[in-house]
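The following paragraphs lead through a protein model, from its overall make-up to selected residues. Please keep the sequence and the structure in view while reading.

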Amino acid sequence: MPPRLKPWMTWLMAGLALAGLGILYGRIALRPGLGSLADDGVSYLLMAACWSPWSAPDPALAAACLDERYPPLFPLLLALTGGAEDARLAHAVSILGPLLALPLLYRLARGALSPLSALLCAALFALSPLVWSHLRHVISEHLFLPLLLLTLLAWEREPAAPRFRLAVALPLAGLLFTRSLGLAVALALALDHGRRRRASGEPLAPGSATLWLPLLLSLAWSAAHPPGGAEMPSYGQEWLGVWHQATTATTEPPAPSDATGATSGVFQGQALVEAWPGVLIAYWRHETEPAFLLAAGFGLLALGGLGMRLRQGRPDGTVVLITLALLSVWPAPGQMPRFLYGLAPLLLFHGMVGLEGLGALLRLPDRPRRWLTLGLVGTLLLLAANGAHFMSRRAAFSSSPPGMDYAQNADFLRLPDLDEARRVAADQERLRLDLEELARSVPPGEAVLSAAPNYVAWVARRRAFSLAPLTRPEELTRRLQATGARWIYLSRYHPRFTRREFNGLAPLPWVERVARPVWVSLHPETGEPSGVLLRVNDP
């Protein structure tokens with residue numbers, strides 16, 4: 001048997017490994033601008049700019065911040081670290097999340113797995129293409145990762161001592177103030193507390209304040225910051241309208257019965273299945289490739305491991321089950337990879353639990369069981385490392401049109417088909433160039449109607465109001481009167497709803513009744529309009 005390493009040597013090696021991984025992450029993430037317009041990053045940076053102690057916010061940003069409705073912890077962290085003033089600092093704060101999650105994942109896995117399996121589980125997460133593809137996104141999932149694992153670890157160790165109650169309440173409050181999906185964790189812990197009470201025959205200490213105080217604080221924040229500001233239409237209405245357009249390619253807004261939970265669940269279930277292989281492999285051409293089949297097989301092991309953890313009454317299993325149930329009715333199939341990113345540590349952990357369970361079911365001796373684990377997970381690690389290398393090479397891509405930088409775009413890194421990657425990156429780059437031109441065309445202090453008002457505020461630094469939802473032309477006139485906006489910007493591309501069927505120029509015939517075009521940006525390949533800025537006609 002080889003000699004065991006001394007504790008200080010173990011800590012040193014772990015620290016060096018994290019430092020090296022941090023350097024690799026930084027080479028991907030640390031860029032001067034936003035890595036993507038197709039995420040929540042603009043909203044978080046708007047909130048951070050309003051709360052920043054380092055500079056006074058632009059009036060357009062301060063006004064737009066009132067319409068943001070995201071939980072406050074991540075943007076507050078960005079504000080305190082200067083992320084609103086320098087995007088590189090925002091990216092640096094973001095990549096700390098997956099780095100901090102690694103030792104916590106190892107510690108959680110070590111409670112159920114052998115040291116080798118726990119180490120391999122952490123390595124799979126470190127090299128996961130899903131992690132690498134999100135490094136340039138300024139999103140709250142980065143902070144959610146370590147808080148989720150810390151909460152579960154603290155709960156597993158939680159006795160009646162008040163200091164341990166605080167150790168659970170603080171990260172749980174952090175979860176709830178980072179992402180709304182923290183509610184799934186709170187519910188899972190509440191169910192586990194009930195199970196503990198039934199098993200012991202008496203109430204346990206952590207059940208009341210430890211769980212309910214963070215939840216009440218989170219609900220108080222939500223009540224004080226309802227969806228949308230005074231000038232913004234209902235978030236649910238806006239989502240419903242765009243969801244209908246994206247899935248039916250029509251321009252007429254739907255009745256509420258048109259988008260049912262069952263339909264949403266079908267879309268989301270399919271999106272979930274399609275997104276899973278991306279946790280382990282960066283790309284595949286068809287579903288019969290060995291790499292895809294291996295990833296799918298590990299997914300089946302993860303389902304088995306989830307079942308084992310649920311049978312054992314472990315809260316991590318309940319968290320995953322509740323979260324997947326919530327995602328099955330959340331109408332955003334294009335965002336499924338991002339949602340899975342927040343669950344990736346637990347999914348990989350459950351995959352390793354399922355793998356060890358398979359070895360036990362086959363009654364394999366220790367040595368063959370270790371070789372089975374090393375063989376399967378070692379192959380997955382090679383595939384994941386290949387994906388990381390693929391994204392690193394994409395990050396060095398330099399053949400972009402004048403004024404554009406495809407390699408800056410996070411989606412350009414993850415899409416294997418180069419033509420598709422160029423198209424997606426070019427869509428976002430054209431929107432950015434449009435908004436920069438809008439800033440030169442619209443005088444400071446004047447307001448703009450747009451389908452993406454927060455993007456107008458962040459990029460162009462102009463006060464913007466929401467254009468959606470519109471069901472009749474006369475509603476546009478009333479909207480202009482209510483907001484005082486004298487400009488309207490339409491773009492075929494919407495940064496948050498990227499299905500090709502979506503056409504943000506559809507309301508143009510209505511808009512041209514009350515406004516005249518100032519400039520039109522054209523798609524360089526098709527020559528069709530991609531963006532239009534219009535000036536409202538004088539009364």
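Among contacts (heavy atoms within 4.5 Å) in the protein chain between residues at least 6 apart in sequence, 71% join residues at least 24 apart. The model is a predicted one, in which local features need pLDDT of at least 70 and side-chain atom pairs count only at pLDDT 80 or more, while totals for chains, interfaces and linings use all residues. Residues are numbered from 1 along each chain as its sequence is written, and side-chain values use heavy atoms, with hydrogens and water left out.

The protein chain contains 22 helices and five strands; these are DSSP runs numbered from the N terminus, helices being H or I with at least four residues and strands E with at least two. Of its 539 residues, 52% are buried, where buried means under 20% relative accessible area, exposed over 50%, and partly exposed in between, with a 1.4 Å probe and protein chains only. The accessible surface of the chain comes to about 24600 Å², and carbon and sulfur atoms account for 63% of that surface. Such areas come from the Shrake-Rupley method with a 1.4 Å probe, and for residues only the protein chains shown count as cover.

The interior may be considered next. A nonpolar core is a set of buried Ala, Val, Leu, Ile, Met, Phe, Trp, Tyr and Cys residues joined through side-chain atoms within 4.5 Å. The largest such core has 125 residues, of which Phe298 and Leu438 touch the most other members. Helix 16 (residues 336–361) supplies the largest share of this core, 13 residues. A second, separate core has 17 residues, among them Leu449, Phe465, Ile488 and Ala515. Neighbours within four places in sequence aside, the contacts of Phe298 include Leu124, Trp276, Leu348 and Met352.

Leu124 is one of the buried residues of helix 6, as are Ser117, Leu120 and Cys121. Helix 6 spans residues 115–127, and its 13 residues reach 18 Å from first C-alpha to last, close to the 18 Å expected at 1.5 Å a residue; the expected span is 1.5 Å times one less than the number of residues. For Cys121 the relative accessible area is 0%.

Cys65 is in no disulfide, and the nearest cysteine sulfur, that of Cys50, is 3.1 Å away.

Arg179 lies in the loop between helix 9 (162–176) and helix 10 (182–200), and is buried, with a relative accessible area of 11%. Beyond four places in sequence, the residues that Arg179 touches include Pro71, Phe144 and Arg338.

Two further loop residues complete the account. Arg461, between helix 20 (453–460) and strand 2 (463–466), has a phi near 60°, a positive value in a residue other than glycine. Arg461 counts as partly exposed, at 32% relative accessibility. Phe497, in the loop between strand 3 (487–491) and helix 22 (508–511), is buried at 15%. Phe497 and Asp39 are 458 residues apart in sequence and 9.8 Å apart in space, C-alpha to C-alpha.

Methods: Disulfide = S-S within 2.5 Å.
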